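Please open the structure in the viewer and keep the selection panel at hand. The stops below proceed from whole chains to a single element and back again.

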Amino acid sequence: MSTPSTPSTEVLLSVRDLRISFGAVEAVRGLSFDVHEGEVLAVVGESGAGKSLTARALLGMPPRGATVTGSVRLGADELVDAPRSVRSALWGRRVALVPQDALSALSPVHQVADQLAAAVRSVDRVSRKEARARAVAALEEVGIAADKARAYPHEFSGGMRQRAVIAMAMLHQPDLVIADEPTTAQDPETQKQVLDLLATRTGAAGASLVLVTHDLATVREHADRMVVMYAGRLVEAGPVGEVFARPRAPYTAGLLASVPEAHPVRSTGLRRLPAIAGAPPVPTDLPPGCAFAPRCPLTDATRCRTEQPEPETHDGRTVACHRWRELPDNPAELFLETV
Amino acid sequence: MSHVSDVNPLLDVRDLVVRHGTRTVVDHVSFDISPGETLGLIGPSGCGKSSTAMAVLQLRRPDSGEVWFDGQELTAMDERRLRPLRQTMQPVFQDPYGSLSPRHRIRDAIAEPLHVQGSWDRTTGPARVAELLERVGLDPTHGDRRPHELSGGQCQRAGIARALACEPKLLILDEPVSALDPSLRAGILNLLAELQERLGLGYLFICHDRALVRHFCDRVAEMRDGRLSSS
């Protein structure tokens, strides 16, 4: 866990009934959650769950062609439908992005330190020399020596590039950092280093971190709370330790059960893992009722198939499932039959 | 890795060396795999896992060492003699979309090895493809689609079906689930386990996820900077 102290209960960012659609296709379908001050919140989901779109909406940067409704409120500022001038005034200063692909986030034809210096000057009116000095200092803080500052992105390893974009995101001490799959395509050792750095840098600055990921190991290691998304909706949210110990939504339970580390080596003498049958639905062809119902071992023929479950909150845990109270103590067994 | 002398291993790799220019990426690596057995190969990016796989498959000829497969030594063979053996050791790659041609229907992609092998039969071929689709848990209708019309998991199943078309004895699985969504990984691993039990296949399973390798493999070999240590 990244922060030893419990996160404050002050809400920094509040998302209410967020919907993002492209024409008639709704990709994010009524999402509500809060990000508290100083916490690390993981947004978990598979490709197509809507987590990256959500991340962009939190930054006030929805993709072209997207219709966004609902509310994303950062302190006193409403980001949905705000004019670009209002949103862009927040970028880098109050919200910052650590993108998925650091190589395409950096310009290939400029020195890394110059790119950070430009980011300094985009917010603060300082001399080029001063900006360059601050850029080099920021790189040193993420473990990139001053003699590397003249390097171009292609001369950096993947891990160094990712550290450089973390340094860039932290330049102006933002309140909120959004990291969208910051470690995909890196090997586990580099992943760990990058995530540790991200957590310590945001922790030291007192910033909140929203970590968008599909990697459950990352969530357990680095996040305080988690939001689990499926087919554009929230299925479960709560403190990481509690959700891992006792998931309430069948989807979360299946996801956690299908990760091999949860089981001792071949304990049952079988190599079969608990597995969720089928595949996630595509946004253009969603089933009626609960989107997870066709894959869910707890599904009933009536309500789950017809009525979309709404999120309900009890003792700090949120779950959107008609039958969550019926989930057994060892939900992994529910998922053992499927091949 | 020790050799059990009284059982003939399916694959026996001895002192394998692969160099890229002056760099030795696979440094005197030896291991063996018996029929029905899974050897896990684990290590960080760039440690030589995939180079080892390419050298075993003779897709990249090793600089020295021996690769004994099914009782025959491969490194000294010319392409013509290798060809029939290649059918019996098949790779499955990480990126399910990248390993299937976007222009080919799944049905044709699965049939292609049979055409290459010269064993395509117009009367029995389609039934064989249907059987392969079913064996990997796909519907017959999936055969008419192209890769972009399938999910990542379905695509990986199609890749496995194609690898099975030539009735292989050994599969080289290079990160077969790393690119898949978490809810689909367990299903693919279960499928591979079932196929192994049913067909007695040997697996070389390359992966960087330690927990997953421990779960799935009979033995694990760890690679670092081109060298191997068994565990």
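The tour begins with conventions and then visits each chain in turn.

The model is predicted: local features need pLDDT of at least 70, side-chain atom pairs count only at pLDDT 80 or more, and totals for chains, interfaces and linings use all residues. Residues are numbered from 1 along each chain as its sequence is written, chains are lettered from A and ligands numbered from 1 in the order in which they are written, and side-chain values use heavy atoms, with hydrogens and water left out.

**Chain A, overall**

Along the principal axes, the C-alpha atoms of chain A fill a box of roughly 70 × 50 × 35 Å.

**Helix α7 of chain A**

Next select residues 188–205 of chain A, which form helix α7. Its 18 residues reach 26 Å from first C-alpha to last, close to the 26 Å expected at 1.5 Å a residue (the expected span is 1.5 Å times one less than the number of residues). Show side chains: among the buried residues of α7(A) are A:Val194, A:Leu195, A:Leu197 and A:Leu198. An α-helix has 3.6 residues a turn, so residues three or four places apart point the same way.

Which elements cover the buried residues of α7(A)? The cover includes β6 (95–98), α6 (158–169), β7 (176–180), β8 (208–213) and α8 (216–222) of chain A. Then step to A:Gly206, which follows α7(A) and has a positive phi, near 70°.

**Chain B**

Now select chain B, with its 7 helices and 10 strands. Its radius of gyration is 17 Å, close to the 17 Å that the globule rule gives for 231 residues, so chain B is as compact as a globular protein of that length. The C-alpha atoms of chain B fill a box of roughly 45 × 40 × 40 Å along the principal axes, and 52% of its 231 residues count as buried.

Methods:
Helices (H or I, at least four residues) and strands (E, at least two) are DSSP runs, numbered from the N terminus. Buried means under 20% relative accessible area, exposed over 50%, partly exposed in between (1.4 Å probe, protein chains only). Contact means heavy atoms within 4.5 Å. The radius of gyration is taken over C-alpha atoms; the globule rule is 2.2 Å times the number of residues to the power 0.38.
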